[in-house]
Amino acid sequence: MSTFDTVIRLVYLAAATLFVVGLHLMNSPVTARRGNLLSATGMTAAILATIVVLIESGAASLTAWLVVAAGTAVGAAVGFVMARRVRMTAMPELVSLFNAAGGGAAALVAIHDFLHFTESPGAHILIPLALDVLIGAVTFSGSLIASGKLHGVVPGQPIVFPGARVITLVLAAVMLVTTVMIAAGVGGLAAVVILSLAALAFGVTMVLPIGGADMPVVISLLNAFTGTAVAMAGFVIGNDVLITAGALVGASGAILTKLMADAMNRSIGNIMLGGFGTGDSPG
Amino acid sequence: MSSEFVTDLTIFVLSLLVGFEVISKVPTTLHTPLMSAANSIHGIVLAGTILIAATASDLVGYVIAFVACVFAAMNVVGGYVVTDRMLEMFKPPAARKVRQAAANGSAEVTR
């Protein structure tokens with residue numbers, strides 16, 4: 001390992017440490033704000049280190065730099081303005097929207113990588129790749145629906161239509177088959193496209209039958225999903241900090257989801273089955 | 001299976017265990033801010049989208065990389081800003097009063 005690599009790895013390690021400490025400080029109201037600040041510091045360091053890696057490698061063309069600069073600037077500006085302007089009561093739906101963006105980005109990382117394989121990279125890359133596309137796409141559409149329900153664009157009450165369960169099962173089967181195909185290195189781009197579409201549809205059918213009152217728990221669960229998708233993206237492109245931060249969010253998000261469900265005296269299974277016993281069920 | 005993959009897997013499993021342990025007894029009022037904080041942390045995917053942009057070489061690649069960068073940057077910047085705004089509500093009462101007074105003052109001036 002060259003000195004350069006070592007320094008970058010150490011910055012990534014420092015960032016991961018700040019994420020963990022920051023998240024831990026969020027357990028108490030007194031230290032929470034400092035925790036968020038520490039976490040943001042770690043994030044800034046990790047992103048800057050990544051930019052340095054790109055400069056040092058010299059691999060990026062001018063167009064690539066423009067794409068990164070323009071994309072990041074647009075995303076940062078939109079995110080900043082939305083976060084500053086949102087009303088306090090509308091914050092959960094905005095978090096869900098950001099979560100959708102994160103899940104979409106994670107899925108796109110895997111799809112982009114898949115397009116650039118010249119030879120089959122082996123199951124240790126293809127399995128995380130398939131899982132990244134699957135989880136990322138489910139979170140993307142699921143979080144958009146969740147955000148829409150809270151915003152009132154999508155009706156808040158549980159939406160159950162005839163045959164919904166059958167459609168969900170069929171989609172689950174399609175996702176399973178295409179995931180196995182991708183992992184086995186067969187099916188090519190078609191398998192990835194079908195998996196993406198099935199997962200997008202599955203995200204919709206998963207969240208639609210759930211009542212608006214349960215949305216915060218669902219958003220937290222989808223948040224944990226995105227964390228896992230990001231960790232899978234880390235395996236695909238071989239980047240430690242994505243794996244660490246993604247797994248951290250995946251696990252802590254799962255625990256938080258359970259705490260939130262417990263606070264409402266509901267079980268996660270009960271909520272995900274949806275449409276039953278919620279205060280805002282139809283009729 | 002390469003040793004690099006095994007190292008990555010080790011990191012993954014240990015990070016999962018840390019994630020399970022780092023959240024303890026959280027007061028109910030902090031549930032949403034904590035969710036928002038975790039949401040900003042997975043914005044680290046921006047590092048990934050920056051790295052893939054470097055390997056893009058055709059139009060499709062550039063478009064995917066651009067959209068991915070927009071999404072990831074939105075997640076990370078918006079996530080941290082909105083979390084901070086939520087946590088502003090937990091300020092000690094004295095500090096909040098001063099802020100409110102200042103806000104009211106400026107509101108009157110603009111009026």
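Mentor: Let's start with the charged pairs: between chain B and chain A there are two salt bridges, a salt bridge being a side-chain nitrogen of Lys or Arg within 4 Å of a carboxyl oxygen of Asp or Glu. Before going on, bear in mind that this is a predicted model, where local features need pLDDT of at least 70 and side-chain atom pairs count only at pLDDT 80 or more, while totals for chains, interfaces and linings use all residues. Residues are numbered from 1 along each chain as its sequence is written, chains are lettered from A and ligands numbered from 1 in the order in which they are written, and side-chain values use heavy atoms, with hydrogens and water left out.

One of the pairs is Glu88(B) with Arg33(A), whose closest N and O atoms are 3.5 Å apart. Arg33(A) is partly exposed, at 26% relative accessible area; the scale is buried under 20%, exposed over 50% and partly exposed in between (1.4 Å probe, protein chains only). Asp84(B) joins in too, as Arg33(A), Asp84(B) and Glu88(B) are linked in a network of salt bridges.

Now zoom out to the whole interface. Contact, meaning heavy atoms within 4.5 Å, takes in 78 residues from chain B and 91 residues from chain A. The two chains bury about 7400 Å² between them, 79% of it on carbon and sulfur atoms; that is the accessible area (1.4 Å probe) that two parts lose on being put together, summed over both. On the chain B side, Met35(B), Ile44(B) and Arg85(B) lose the most area to chain A, together 10% of what that side buries.

There are also twelve residue pairs in polar contact across the interface, both residues at pLDDT 80 or more. A polar contact is a pair of N or O atoms within 3.5 Å; within protein, one must be able to donate a hydrogen and the other to accept it, and residues adjacent in sequence count only if both atoms are side-chain atoms. Helices H1 (3-22), H2 (31-41), H3 (45-55) and H4 (59-88) of chain B each supply at least two residues of the side that touches chain A. H4(B) gives the largest share of that side, 28 residues.

Ser40(B) counts as buried because its relative accessibility is 0%. Its side chain reaches the backbone oxygen of Ser36(B) at 2.9 Å. Leaving aside neighbours within four places in sequence, Ser40(B) is in contact with Met43(A) from the other chain, and with Asn75(B), Val76(B), Gly79(B), Tyr80(B) and Thr83(B).

Coming from the chain A side, look at Ile111(A) in helix H4 (residues 91-115) of chain A. Ile111(A) is buried, with a relative accessible area of 18%. Not counting residues up to four places away in sequence, Ile111(A) touches Ile64(B) as well as Val133(A), Val192(A) and Ser196(A).

Key:
Helix = DSSP H or I, 4+ residues; strand = E, 2+ residues; numbered from the N terminus.
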